[in-house]
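User: Hi! Could you walk me through the aromatic contacts in this one?
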Amino acid sequence: MGRKILLTGASGFLGRHTRPVLERHYGAENIVAVSSSDYDLMDPAAVERMFSDVRPDVVVHYAAYSGGIGANKTYPADFYYKNTLLTALTFDAAARHKVEKLVYPMGGCSYPATAKSPIDETQLFTGYPQAESAGYSTAKMMGVVAARSYRQQYGLNATVIIPGNMYGEYDNFHPLDSHVVPAMIRRYYEARLNGSNTVEMWGTGKPQRDFVYAADVAKLIPFFIDSYDEVGPVNISTGTTTPIRDLAETIAKVTGFEGEIRWDTTKPDGQMVKIFDVTKLKGLGAACTTPLTEGLKRTADRLIRNYAARSDGLRL
């Protein structure tokens, strides 16, 4: 029998991409995928019960309390408290139960608001994150402190990865709290359905971002389980610069929207440049290779296929 691998947060965005990767790589019989309906990982007793029930050799810990910028601004203490518990309790249990490996992702939002692009891993603790999501961002970045601390005291082999701006199938397409890629895809598709000839976007379209297809991130998880034994963190992205205006035009094409894109320049652009340095990732012989247009088409195609059944927009 192979090693038993526990995947938390399995019903989430990245979890749904990662589960089949783990099943193909290690055998479906060796993967135990759980979500909040199985165990409340903010409850110490439930965390202990999960580890006793599963007895994992490896933990891929995706479980997190996440939401859009509006929710983060309204409930910053909840995002801080819940994610602190989700991180601390699982790391502690993994160490006490002597798991062989723990892989933990955090977001690029944990980098300082003043980080200079391309953002390399050494900038993580050099400043404060964007204020709007600082509760969530700081709680998640404590995963690096946990990984270092439990390695030092218990010998826990934990690795922290930092995916860039992920997009892909199973994303959150809800209009109130979705990120830029799913928000644009849904907006264009609904414009087509409603016969609208115009779609309005916020800002100037000049900000530059670095997007990574979630399936590319998922495919690298076995490498970090089997072949990387350092804490990290390691940026997982493409390192490619994409202006938001170019992104909007590309998504219009893959969704078949042929109308006018209007930019409301009275609305804020946000941070103008945020690109991730992937020198460390490439030095490990790894990369995220799916072209942006191809990944966007796969994402849009899934929304279009499932829109009628899930018009609420959640995890299409």
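User: Is Tyr189 buried or exposed?
Analyst: Tyr189 is buried, at 11% relative accessible area; buried means under 20%, exposed over 50% and partly exposed in between, with a 1.4 Å probe and protein chains only. Bear in mind that this is a predicted model, where local features need pLDDT of at least 70, side-chain atom pairs count only at pLDDT 80 or more, and totals for chains, interfaces and linings use all residues. Residues are numbered from 1 along each chain as its sequence is written, and side-chain values use heavy atoms, leaving out hydrogens and water.
User: And how many aromatic pairs are there?
Analyst: The count is 11 aromatic pairs. Rings of Phe, Tyr and Trp (its six-membered ring) pair if their centres lie within 6.5 Å, with planes under 30 degrees apart called stacked, over 60 edge-to-face and the rest tilted. One of them is Tyr65 with Phe79, a tilted pair at 4.6 Å centre to centre and 40 degrees between the planes.
User: Are those two buried or exposed?
Analyst: Tyr65 is partly exposed at 27% relative accessibility, while Phe79 is buried at 2%.
User: Back to Tyr189: what does it pair with?
Analyst: Tyr189 forms an edge-to-face pair with Tyr307, 5.2 Å centre to centre and 75 degrees between the planes. The two are 118 residues apart, so distant parts of the chain are linked. Tyr307 is buried too, at 15%.
User: Which residues make up a ring cluster?
Analyst: Phe91, Tyr104, Tyr150 and Tyr154 are linked into a cluster by ring pairs.

Terms used. Helices (H or I, at least four residues) and strands (E, at least two) are DSSP runs, numbered from the N terminus.
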